[in-house]
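Hi there,

Here is the structure I promised to pass on to you. Have a look at it first, and my notes follow below.

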Amino acid sequence: MRAADAVSQLRPRLSLRGRLYLFSGAILMLFAFNVGTSLWGSFARNESSIAYREAVTAAQLTAELEQNLQNKRQQVLVLATLRETTEEPLDAAALNQAYADLEIIAERLRQLGGFGGEDLEAYYRRLHDSVTALLGEWRQFYERYNETTQTPDIESAVSYNNTQQRLQELDQRQSFVAVQRANAIDATITLTDQITVLGFISSIAITLALVFAMIRSTNASLTRMKRGVERFGSGDLTYRIDEQRDSGEIGDLARTFNDMSTKLQTAIEEMNTARADADSANAAKSMFLANVSHELRTPLNAIIGYSEMLQDELGDGAQIDREQFHHDLATIIFSGKQLLTLINDILDLSKIETGKMQVSREIFSPAGLLVQVCDALSPLLLQNNNRLKLDIDKDSMRDMNSDRGKLQQIVTNLFSNACKFTKDGEITVSAHMSEESLIVSVADTGIGMTQAQQDRVFEAFTQAESNTGVKYGGTGLGLAIVREFCAMLGGRVALESQPDQGSNFRVTLPADPTSVPAGA
Amino acid sequence: MTDIDPSILLVEDNEVNRDMLVRRLQRAGHHVSTVGDGEAALEAMRQQQPAVVLMDMNLPIKDGWTACQEAQQDPSLSSIPIIALTAHAMEEDKRRALEAGCSDYATKPVDFPDLLAKIAAQLDARC
């Protein structure tokens, strides 16, 4: 994974648009390179062929010059012979023609000087000197032709031979240069052809490589996108596309997709949670209904059973055991009251849940209320042979502004729970007031609870164990009502307990939530 | 009803209900013994071999369903008919009781003549 990360770090992060620009740029550069090579090739070829043509022209001029010189010499020799034999002078026209011929030769020589470049410079210079000398001698020949009876000197033989020599040297040199240039042209053509072919082939190769890389990288990006969509679509809600791997449009797309995935995931999870909550709420309600049904039937069983039995006994007309009869009636009454309490609890909780439970505040003495409740509930102590210890700190007690009925029910519920879960033990109801609060605690020496049981014991419709209702009765509503009532009165209930060590419920309620007393 | 008061074992943990049922069954001419939990019920079934067992399902120590299943697996007890007796009134609860091996089922509050008819049916089936 590390190595792959490192590779992806090295990969240039280019957008799709960037890749296309880079790709087009690279292809344009290759094209320009090819065009450049081709231009350079034709330029070089052109240069070489110009030089070649010059060499050929120069060779032609040289040949013409040689021809001219030969013709002129022939003329001069003929004239010289004629002069000796006929002694006829030349007329002006012939002389001018002769000078013009010499001028043409001189002109040719000058033309020749324009060709050949440095290679031929030295040869040309030497030829020029000797031709100029020869032409000078011939000019003298013509000038003196009519003046004297004596045959004028034609030339020094050396001059003409020299000139011939020089012409041949130049000619040879020109041939050599022409061959060299031809070779150079061949080499240039070969070289430019090779470069053109190489450039063309490499252009194709590089273009193909670029196209391939482009397809691959774009394809890889799109494949990552596709895989992301597939994985997410198939239910892997935590899958995210690696948005660092792509930049530009595809990176944006990946990020947008990931944002959408996160929102979808949240929505789906919220929906699942809501559904699970609804399901568990439903299950709790069904469970509650089953429990309520069970609990209603238990006292009803006693009420109906005993009533029918007493009816039967009365119908028998046999002697009635008054004491037994009284006891049976008491059982019927107790069961009826139990049923009433249960129904009231259910109604209370239902009111709390629908927000219809009202708080009705009044000024009353909490100490008096506690004594009253404990008196009224003392028969419960007898059930499991428990003792009551009432510990009210009379010095700190004063009147409070709260809901009397709800405090009474809080204490009643805690007290009857304590009696229910304690056998042959002690129930301690203690109370004192701080500056702001009434603190009442109901402690027992009963079976107690584990931490896990304590965590759920205040939840409505639950008891410490699912079969607690079986062993000890109740629907698991008492403590839920205590907690709700405490909250409604602006206070709280806390629990300390250990298995087999008893439980201690501690209720803290504000003495007067409307004003903070200015000292006790 | 016979005069030979065949014995009934009543398994019930609630004192009030136990007292009421015992007295009514006795008035109907049955001989009734009682225990308060599932474990004790199995023990009493082995010792007394009752003609029929009325068993509450929500029992301490060992609940009624478990006790029924164990009685079914014990060859010496499997022939004793058990009538489930419970305040759980849902169809689901009835099915659960019959699956656990109970022969019949009665819902609390008990319709007493109906319960007596069910007991009689079990006793007749056994004869």
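A:Y142 is buried, with a relative accessible area of 2% (buried is under 20%, exposed over 50% and partly exposed in between, with a 1.4 Å probe and protein chains only). Please bear in mind that this is a predicted model, where local features need pLDDT of at least 70 and side-chain atom pairs count only at pLDDT 80 or more, while totals for chains, interfaces and linings use all residues. Residues are numbered from 1 along each chain as its sequence is written, chains are lettered from A in the order in which they are written, and side-chain values use heavy atoms, without hydrogens and water.

A:Y142 belongs to one aromatic cluster with A:Y99 and A:F141. The ring centres of A:Y99 and A:Y142 are 6.4 Å apart with planes at 70°, so this pair is edge-to-face (centres within 6.5 Å make a pair; planes under 30 degrees apart are stacked, over 60 edge-to-face, the rest tilted). A:F141 and A:Y142 are also edge-to-face, with centres 5.3 Å apart and planes at 70°. A:F141 is buried at 1% relative accessible area, whereas A:Y99 is partly exposed at 21%.

On to the interface: 21 residues of chain A are in contact (heavy atoms within 4.5 Å) with 20 residues of chain B. Across it there are 4 salt bridges, meaning a Lys or Arg side-chain nitrogen within 4 Å of an Asp or Glu carboxyl oxygen. One of them joins A:D312 to B:R24, whose closest N and O atoms are 3.7 Å apart.

Best wishes

Conventions. Phe/Tyr/Trp six-rings, centres within 6.5 Å; stacked < 30°, edge-to-face > 60°.
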